[in-house]
Amino acid sequence: MFQRSSRRLPRGGRRPRVAGLTAAAALVAAVLGWFAGLIQVPGVESPLTVQAQIGGVPAAQLTAAKASLAAIPVKGRAPKTGYARSEFGEAWADTDHNGCDTRNDVLARDLRGAVFKAGTRDCVVLSGSLEDPYTGTTIPFQRGERSAHVQIDHIVPLSDAWQKGAQQWTAQQRLSFANDPANLRAVDGPANQQKSDGDLATWLPPNRSFRCEYAVDVVELKAGYGLWMTQAEHDKAAELLGACRAE
């Protein structure tokens, strides 16, 4: 039951007219709060700052990725027992039968100004320039001693896939996955080595502006291939997609 207030009215029996002032104060507070969200406080990132830093993707693509993530099963990581690179078939096989191996296909796709070895029907890439999405740097590629400066990354690592569903695949399915252009990207060699077989929960590109696109790629690949995620990876994927900018 409500109790009647014991406070006395001011002289004259009328309460002070503060409603307008209260509303004005609330408006000022709201405006100040909005500006505060735009101010970078050392050690603290505002939601707007985080969203801008990890980049964005087309709105339809982001919506689709969120729906895909909701459908990905969450399970524990299976043992790595039995894993070997050979379980995914011949490395860089010519699975599309275009006469070029997968590694050269990806280099030709991702390098700018690619130069090909004569007599290979534009198959063997000799040189080019990579705008690396993982580090945000430009890396010259030269076949030979410097070849390792640019490497081909499996966006969803083969070992990670093995522990999250690929053990049950046929040999042909694993071969297709290992050579799927959608799961391959030319990147900075040291960054690729640092990533190793890390998933979204354990590794992200140093270039923060590419993290949104990277997370979307991982989610769509795992959903498309029927792979699962650990709870930690699923949580990180949801966090990243939630911070993505819809373009």
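# Notebook: helices, cores and salt bridges

**Entry 1: α3 beside α9.** I began with two helices and found that the axes of α3 and α9 come within 11 Å and cross at roughly 160°. That makes α3 roughly antiparallel to α9. For my own reference, axes are lines fitted to C-alpha atoms, for helices over the stretch in contact, and angles run from 0 to 180 degrees between N-to-C directions. Angles under 35 degrees count as roughly parallel, over 145 as roughly antiparallel, 65 to 115 as roughly perpendicular, and the rest as oblique. I also noted that α3 passes α9 in a left-handed crossing (the near helix is turned anticlockwise from the far one by less than a right angle; clockwise would be right-handed). On the α3 side the contact is made by L62, A65, K66 and L69, and on the α9 side by H234, A237, A238 and L241. Contact here means heavy atoms within 4.5 Å.

**Entry 2: what I am looking at.** This is a predicted model, in which local features need pLDDT of at least 70 and side-chain atom pairs count only at pLDDT 80 or more, while totals for chains, interfaces and linings use all residues. Residues are numbered from 1 along each chain as its sequence is written, and side-chain values use heavy atoms, with hydrogens and water left out.

**Entry 3: the whole chain.** I looked up the overall make-up and found nine helices and seven strands. Helices (H or I, at least four residues) and strands (E, at least two) are DSSP runs, numbered from the N terminus. Of the 247 residues, 39% count as buried. Buried means under 20% relative accessible area, exposed means over 50%, and partly exposed is in between (1.4 Å probe, protein chains only). Among the contacts with a separation of 6 or more, 70% come from residues 24 or more positions apart.

**Entry 4: α3 beside α8.** Back to α3, this time with another partner. The axes of α3 and α8 come within 9 Å and cross at roughly 50°, and the two helices are therefore oblique to each other. This crossing is left-handed too. From α3, the contact uses Q61, A64, A65, S68 and L69; from α8, it uses V216, V219, E220 and A223.

**Entry 5: the cores.** Which residues touch the most other members of the largest nonpolar core? I found Y134, F177, L200, Y214, M229 and L241, in a core of 37 residues. At least two residues of this core come from each of α3 (59-71), α5 (158-162), α6 (171-178), α8 (211-224) and α9 (231-243). The largest share, seven residues, is supplied by α8. A nonpolar core is a set of buried Ala, Val, Leu, Ile, Met, Phe, Trp, Tyr and Cys residues joined through side-chain atoms within 4.5 Å. In soluble globular proteins, nonpolar side chains tend to be buried together.

I then followed L241. Not counting residues up to four places away in sequence, L241 touches L62, A65, K66, L69, A215, V216 and V219. There is also a second, separate core of 11 residues, which includes L111, V125, L130 and F141.

**Entry 6: salt bridges.** How many salt bridges does the structure hold? I noted 15, each being a side-chain nitrogen of Lys or Arg within 4 Å of a carboxyl oxygen of Asp or Glu.

- R112 and E131 meet at 3.9 Å, N to O. R112 is in strand β2 (residues 112-116) and E131 in strand β3 (residues 125-131), so I marked this as a link between distant parts of the chain, 19 residues apart. R112 is exposed at 58% relative accessible area, whereas E131 is partly exposed at 38%.
- D217 and R185 meet at 2.5 Å, N to O. D217 lies in helix α8 and R185 in strand β6 (residues 184-188), so the pair ties together parts that are 32 residues apart in sequence. Both partners are buried, D217 at 17% and R185 at 11%.
- K236 and E239 meet at 3.3 Å, N to O. They are three residues apart in helix α9, separated by about one helical turn. K236 is partly exposed, with 22% relative accessibility.

I also found a network of salt bridges that links R77, D160, K164, D199, K222 and E233.

**Entry 7: G89.** Where is G89? G89 sits in the loop between α3 and α4 (102-110), and is partly exposed at 27% relative accessible area. The C-alpha atoms of G89 and L175 are separated by 5.1 Å, although these residues are 86 residues apart along the chain.
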